Amino acid sequence: MPADIETKQIEDSVAKINNEVAVGSDLEFQRRWWRFEHILWLALTALVILDALGFFGRGWFAKAEAKTPDGSMRIEYERIERFGAPSLLTIHFGQNAVRNGGIQLWASDSLLHELGSQRLIPQADRSALDGHGILYTWVAAPQPDSVQFSMQPAKVGSAWLTLRVPGADQMRLKIAIFP
Amino acid sequence: MTTIWHAIFGYFYLVLTVRVLKRRPGAQMTPFEFVLIFLIGGVIILCTMGDDRSETNSVCAVVTIALMHRLVSYLKTRFPKFGLIVDGTPVALVERGVWHKDLMRRLGLDETDVMAAARVKSVKTLDGIKYAILERNGAISIIKNDS
């Protein structure tokens, strides 16, 4: 046997059952593990129930609606989003949102950065950077009574989204983005 | 970077999930358990890779999982308690011809599972079993009754 190979004499180090079969069983650990398993399964069941209710997005609890005090906008959105999962944010405009024959909407840049806006339906006739946001303008008749942003959140955490029809009340929405 | 975190999370999440499932997946799999393994694997790969199906991403994910596996293997040999958590402990199901019914029930096993293992050892009847031990890898070892 080469000298540089570490060797060790065989020892009777594995616990035996009835002093005849070396099994190395640790029943005390196994019983503790079952208790842990029991708690874990309860936690996992709770997780699935909460998910089904929408506490982690895409469900009854996640869906939300907000309205500006002056009635210029009613917004349907998901207060809990999931990273990379497609979702919709719909804005219904009130009569007082129409100014000079057109509709304008200012959205904070979190719509693009955190919430990952992909598409706007119907497309705006004009969109321009305006401060820390984007100003969308629809001028062609007929004016849309609602617009829809298709989003795919690009960051985990929380995002504040501000929406405003210029000259009207603004709406600030807090949206949580789960991994 | 996201893929690496997803792969690390996915690895430990799967280790935990498979560990808290009953001991059978991995050994003595029935078609019903094959479904479980394939479905879990298929689901986890979607969030690990995301929209990025490039080879770079694939290589990074595979290497990360391989490194996690090496790390867990090292920790198992270095810290026996960690090995107990990851792999569990062998459990005697039959001891000198006596069934441990409570242990078998909690492990989700019944006498037919033990007999399936016994037949591999050419043991034809239950009374030919002296010891049956559920091993850490999910297999059942049989020690024959010599008498």
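Two strands count as paired here if DSSP finds at least two bridges between them. Keep in mind that you're looking at a predicted model. With that cut-off in hand, take strand 1 (residues 91-95) and strand 3 (residues 129-134) of chain B: they pair in the antiparallel sense, with 4 bridges between them. One of the residues involved is Val91(B), whose bridge partner in strand 3 of chain B is Leu134(B).

Helix 6 of chain B, residues 111-120, packs on it and touches strand 1, strand 3 and strand 4. The direction of helix 6 makes about 65° with that of strand 4 of chain B.

Back to the sheet as a whole. It is an open sheet of 4 strands in chain B, with the order 2-1-3-4 and antiparallel pairing. Strand 2 (98-99) and strand 4 (140-144) of chain B each have a single partner strand, so they stand at the edges, and one side of each has no neighbour in the sheet.

Let's zoom out to the chain. Chain B has 6 helices and 4 strands, and from the N terminus on they run α-α-α-α-β-β-α-α-β-β.

What about the overall dimensions? The C-alpha trace of chain B spans about 60 × 35 × 25 Å along its principal axes. Its radius of gyration is 19 Å, whereas a compact globule of 147 residues would have one near 15 Å. Of those 147 residues in chain B, 20% count as buried. As for contacts in chain B between residues at least 6 apart in sequence, 57% join residues at least 24 apart.

Definitions and conventions. Residues are numbered from 1 along each chain as its sequence is written. Chains are lettered from A and ligands numbered from 1 in the order in which they are written. This is a predicted model: local features need pLDDT of at least 70, side-chain atom pairs count only at pLDDT 80 or more; totals for chains, interfaces and linings use all residues. Helices (H or I, at least four residues) and strands (E, at least two) are DSSP runs, numbered from the N terminus. The radius of gyration is taken over C-alpha atoms; the globule rule is 2.2 Å times the number of residues to the power 0.38. A residue is buried if 20 or more other C-beta atoms lie within 10 Å of its own, exposed if 12 or fewer, and partly exposed in between; C-beta atoms are placed from the backbone. Two residues are in contact if their C-beta atoms, placed from the backbone, lie within 7 Å. Axes are lines fitted to C-alpha atoms, for helices over the stretch in contact, and angles run from 0 to 180 degrees between N-to-C directions.
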